[in-house]
Amino acid sequence: MSVVKKKKRVSKKNKKAWGKYSDIRDVEEFLEDQRLEERLGKFDTKPDSELFVVDTGGDNEEVKVEDVKPLSRKLQKRAKLNEVPKCFEVLLPTSKVQDPNKKRNYVNPVGSKPSALSKLKEKRLAQKGVFEKKLAEAKKNRKLALDKKRKAKQVRQTFGMDLWGKDLPASKGIPETLVDEFISEEAQLHNVLPTQRLRPKPPLAKTVVTRAAVETPHPGVSYNPSYQEHQDLLQQVGKHEEKMMKKEAHLHRVTTGMFRRVTQAEKENQWREEMSSGLPQPHNPAEESESDTDNEYKAVNPPVKNKKKDHKTRRKQKERLLEKERLKREKIDKQKITDLYKLRKLQSSIKTREQKQAAERSKRAEKRATVEATALPTLSAHKTPVKEPDFVDPKQLSGDLRNIQANTNPLRERFESLQRRGALAASKIMMKKKRKLKSYYKAGHKVTEKDIQKYVTRNVGKK
Amino acid sequence: MVSKKKKKYSSGEGAQFMTRKAALKKLQLSLKDFRRICILKGIYPREPRNRKRAQKGAGGIKTLYHTKDIKFLLHEPIIWKLRELKVYQQKIRRARAMREYRNMKKYLRDYPDINIDHIVKERYPTFVDALRDLDDCLTLCFLFSTFPSLKKVPRDQSMLCRRLTVEFMHAVIAAKALRKVFVSIKGYYYQVELEGQTITWIVPHHFSFQPQNKDEVDFKIMSTFVEFYTMMLGFVNFKLYHSLNLVYPPKLTAAFTADDKELIDEHAYVAERIAAMNLSLARVEGSNEGEELPEIDIFNTEDDPQKLEEAKLEAEKIKKLKTMFKGLKFFINREVPREPLVFIIRCFGGEVSWDKDHFVGATFDESDESIAYHIVDRPTMDKQYLSRYYVQPQWVFDSVNARTLLPINNYLMGAVLPPHLSPFVDKTKDQVYIPPEERALNDPNFKPLDDDQSGSEIEEASDEDKEDEEEADSEEDGDAESALAKQYQQEVEEDSDSDEDEEGVDPEKKKLAKEKKKAMAVTAGVPHKEHPYQKEIEDKQAFRLREKLVRKKHRNLYKSMKAGQEKRKKEIWLLRKKRRLHDEKAKEEKKAEKRQKRQQALEQASA
């Protein structure tokens, strides 16, 4: 029986105190055991023969002593040849723990790499036709692998899958236990694992969603339109063109037209004048005679004198001011009295004005709404192209299907439609300029006429 | 304590948006890859309410994206694929620069494909969503199917587009879903109705490919759009075929298999394409062909019985339209564009063929006697068969839009065609004046009031008296039956009277009995007669009462609507009246002229 010792109460407040007073021997023993196991291998996995020895000899039997002759020196040396030298024993692994990276430092054994000789031999054999079958097989295998790869690529184009078929809640990551119509969707989605939870896609822009991809055509663009519809279309196109012309005219007026035109001669004169300002003018007798009328100096702006007003003028001024003020006040008072009688009229005028304003406001709102519905999105610094009405030249209308001529580029129309819907930012394709390569002759390699002449003459001289 | 100062633009609109450059940095992608993934995932740039704030105070106009959109992209597994592809691209680039073309070819061959079917599912969670967004897809695919291989477009793309579009057309043919056609200068507008969704697309006229200006369209971007759309169209086709009990992929002609590397010239290609459309597809075994839509059940959920009636009428019309050409054989002459006609005729159950010497895929000969219509686009023909009608192609388009087989007399060979009207006109804007000619075009049942008169003008002028006689005759004819009935009744009455007379013995008793009888007799019930005028008045009163119940909020709107209606009605009435007066005047003048002529002739004869 172990006597239970009365434990002393000790504080195990911090880590140090904890380590000091707690009994960790069992833990350490366990860890020691584990380390041993790692080094020596597990007892469980070892065969019994390794752990135990069968005691064949009895207790009483004498141990036979074989007389073994000591080996000769020569034999001893031979026996030692098989042993690993003591100096290399350090390099051998002593631990039983397996090498986690077995492939480390793999060195090809000698002879695995084709040497020059073996290559020669192989070549000779191939010429003899020994390898032919092997080569053919290899070729076939390669082709098979390629075909397989190509087929895997083509799977993309077969579309052999019902994409919208398996719309099960389980495919969304909702646990099976919660798939029931009585369980709210929120509760179902709440239980989806975070790894399977999809970030919902934010809603698309309004323009992308609401605007039609293929707009219904104006009836006038028919290949054989009725007269009225065609005229209607022409009207529309004309109006559009007029608007554009007006805009252009405005731009011209505001920019180019704003500046005065100057002829070349005028420009030169101006330049001369400007450049020669401040320089001493050449003597001009005509000018001199005019200025000669009065010799006295006169400033352009004569000096101001501080002339004081006297008392009388000041009083008069004050009186005038007061009188003005009084009259104004009187007028206002009168107005007040008359306004009382005018009340009804005022009211009605206010009412009409308010009505007018309300109507205008609603009109403005309506206009704004219509503009907003068709406004082109500004998604980049470039301007989104405006939709131009399809113009059909009456000369082009032959009325039969054979002679239809298209004047629009359908791809461009698609492209611009995407831009108008806000699916693409308007852009301008910048064409890459082809770099001009400048070619040089290396100084020493230059061959001039002179060199040729020289060469020719030398050759002639030789002959 | 002073709280930490909030940084500017860390919340609100400044934090909501992100410039494209910032997005590129965040996603660690090149601009090219970013553009691609944006198109594939359907992420578009946004327009902010306040640009200055959204750009964090920077001036100018920058391309902005929602931060949430970019975060959404961040979760896409394809981004990793795009980054991995960079290695391949570098290898290819290097091989090209080193002129190791063998290696380059190998790398190009092994260039991995990105699988994007999960994106299709993500963008269109249901099949109907996908159908709803098919307009753009179809237009682009039909357009790309006419393209040769271009520099910035993958080689197999136009091929794939060709295949998918033909497959889709086959699905439309099998579903008999075509509703409207419009031939415009730009191309053919088609409208189909699939699963309750109307899909409209444009097929350009077949010209040979016109070279594009380099700086007009970014081919790379459009090709990326097409890459996504082909994926989508493929899956839509698969689903459509399965719902129609057809085998997918269908066995079309040889030109549509991808590994066929024979160089075929453009015309042969088009011919193959059309021939492929004239095939009938294999059905899934054990499925019955005739699947008819159930008739519309009548529920009184809708308040407006008129609407219900309209819907019923519409359904009936569509049912008729679906089998409009059933059992009819069409032969298309050489000069007529075949593709749209084959598609349309097959859509409504007709059989088509063409000159077998010129194009492949003809099913019957021109000499076949069972051909009902021969479609011609030339003024005369040398050899004509009596057993068929020679019509111009517009007859087919107009018949589809009118939803019945139109009378062919306006469309015969060499005739001046009536205008081809658009079926896409808004039906709600019906309060406009339509001249009687156009009304007759739209509605074959419509008969202008003076139609027969104008038709028999010549006869009428010659024998006016005869007409009067005829009228009298017709009156007599109409009255004959009623007269017979009257006679019969009179006879019966007389019989009964005579019976009573025979019985009568005591006049007083008789009188008494009569009085008693009168007291006892059940007076014959008077059937409740609905006074039409009275009813009209009542209806009007009820309508007015309902008008009174219009909410104050909507009253002005209602009033203005009513006023507009009245105005338009008046205008129409005025125009009709004008037309009538004009017509009458013209007729009278004509009559007068004729009379004068006759008189002159008589005078001449007498002289």
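## Secondary structure of chain B

Helices, as counted here, are DSSP runs of H or I of at least four residues, and strands are runs of E of at least two, numbered from the N terminus. In this predicted model, chain B has 23 helices and nine strands. Of its 607 residues, 27% are buried. Where contacts in chain B link residues at least 6 apart in sequence, 61% of them join residues at least 24 apart.

## Packing of α10(B) against α12(B)

Helix α10 of chain B covers residues 134-144, and helix α12 of chain B covers residues 219-243. Their axes come within 9 Å and cross at roughly 110°. Because angles of 65 to 115 degrees count as roughly perpendicular, α10(B) is classed as roughly perpendicular to α12(B).

On the side of α10(B), the contact is formed by B:L134, B:C137, B:L140, B:C141 and B:F144. From α12(B) come B:F225, B:V226, B:Y229, B:T230, B:M232, B:L233 and B:V236. The residues of this contact comprise 11 nonpolar, one polar and no charged.

## The largest nonpolar core

In soluble globular proteins, nonpolar side chains tend to be buried together. The largest nonpolar core of the model contains 121 residues. Those with the most contacts inside this core are B:C141, B:V172, B:Y229, B:M232, B:I344, B:I345 and B:I375. Helix α12(B) gives the most to the core, with 13 residues.

Three of these residues also belong to the helix pair described above: B:C141 lies on α10(B), and B:Y229 and B:M232 lie on α12(B). For B:V172, the contacts beyond its neighbours within four places in sequence are with B:A177, B:L178, B:V192 and B:C347.

## The contact between chains A and B

Chain A places 54 residues in the contact, and chain B places 68 residues there. On the side of chain A that touches chain B, α6 (132-154) and α13 (410-421) each supply at least two residues. The largest share of that side, five residues, comes from α13(A). By residue class, the side of chain A that touches chain B divides into 30 nonpolar, 14 polar and 10 charged.

## Helix α5 of chain A

Helix α5 of chain A runs over residues 116-128. At 1.5 Å a residue, its 13 residues should span 18 Å, and the end C-alpha atoms are 19 Å apart, which agrees. This helix is hardly covered, since the count of buried residues among its 13 residues is zero. Just after α5(A), A:G129 adopts a positive phi of about 95°.

Notes
Residues numbered from 1 in each chain as written. Chains lettered and ligands numbered in written order. Predicted model: local features only at pLDDT ≥ 70, side-chain atom pairs only at ≥ 80, totals over all residues. Contact = placed C-beta atoms within 7 Å. Nonpolar A, V, L, I, M, F, W, Y, C, P; charged D, E, K, R; others polar. Buried ≥ 20, exposed ≤ 12 C-beta atoms within 10 Å, placed from the backbone. Axes fitted to C-alpha atoms, helices over the stretch in contact; angles between N-to-C directions. Parallel < 35°, antiparallel > 145°, perpendicular 65-115°, else oblique. Core = buried A, V, L, I, M, F, W, Y, C linked by C-beta atoms within 7 Å. Expected span 1.5 Å × (residues − 1).
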